[in-house]
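Please take a look at the structure shown here before reading on.

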Amino acid sequence: MTYEEIIQFHGHECPGIAMGYRMATAAINKLDSIRAEDEEIVAIVENDACGVDALQCVTGCTFGKGNLIFRDYGKHVFTIYCRSSRSGVRVHFHGDGIPQELREDRSALTKWILSASRDSILSIEPTFIPEPEPAKIRKSIPCSFCGENVMETRINQLGGKPTCIPCFEKHVGT
Ligand SMILES: [Zn+2]
Ligand SMILES: [Zn+2]
């Protein structure tokens, strides 16, 4: 996907999408130099802001495919790595080189980020991490109250009966 297509997917252009684009492309370029062709990749994101949309477009890692993992650390960090070799890259957007006068001007900042030298905005380093659990196929169990099927890890017990979260809250909350 081109940068223009990513903006369309995201819905607007903003500093976050520019950051995510620079981070994701830097990570992929670095990873491509160490990974075997077509080796399956996984992305771990440490925030859930605009930039993650760019990462999804650039890497093809998505929640639906189970190869995008969200860790709620509130950091501008993406880690992308290969499942089989367990090696990858960790990208941190530090933004050290951002001129002070641009910090309040979102559109100028966005443009600046897109053309900034890599090292003035981010650091990138190799990383070796244990493999996260692959996406599992989980069993579904019908809720005793509404009858709808629920992933077994989301089932509560109410009086010994399997219960979905909304039904559980309805009964316990009153
Ligand atoms: Zn945005
Ligand atoms: Zn229910």
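## Basis of the report

This is a predicted model, in which local features need pLDDT of at least 70 and side-chain atom pairs count only at pLDDT 80 or more, while totals for chains, interfaces and linings use all residues. Residues are numbered from 1 along each chain as its sequence is written, chains are lettered from A and ligands numbered from 1 in the order in which they are written, and side-chain values use heavy atoms, with hydrogens and water left out.

## The zinc ion (ligand 1)

The zinc ion (ligand 1) is coordinated at 2.1 to 2.3 Å by H10 (NE2), H12 (NE2), C14 (SG) and C50 (SG), where donors are N, O and S atoms within 2.8 Å of the metal (3.2 Å for Na, K and Ca), and sites may look incomplete because water is not among the atoms. The four donor atoms make angles of 89 to 133°, so the site is tetrahedral, a term for four donors with all angles between 85 and 135 degrees.

In sequence, the donor residues of this ion follow the spacing H-x1-H-x1-C-x35-C. H10 is buried at 15% relative accessibility, whereas H12 is partly exposed at 38%; buried means under 20% relative accessible area, exposed over 50%, and partly exposed in between (1.4 Å probe, protein chains only).

## The zinc ion (ligand 2)

The zinc ion (ligand 2) is coordinated by the SG atoms of C143, C146, C164 and C167, at 2.3 to 2.4 Å, and the spacing of these donor residues in sequence is C-x2-C-x17-C-x2-C. The arrangement is tetrahedral because the four donor atoms subtend angles of 98 to 114°.

Key. Tetrahedral: all angles 85-135°; square planar, octahedral: opposite > 155°, others 65-115°.
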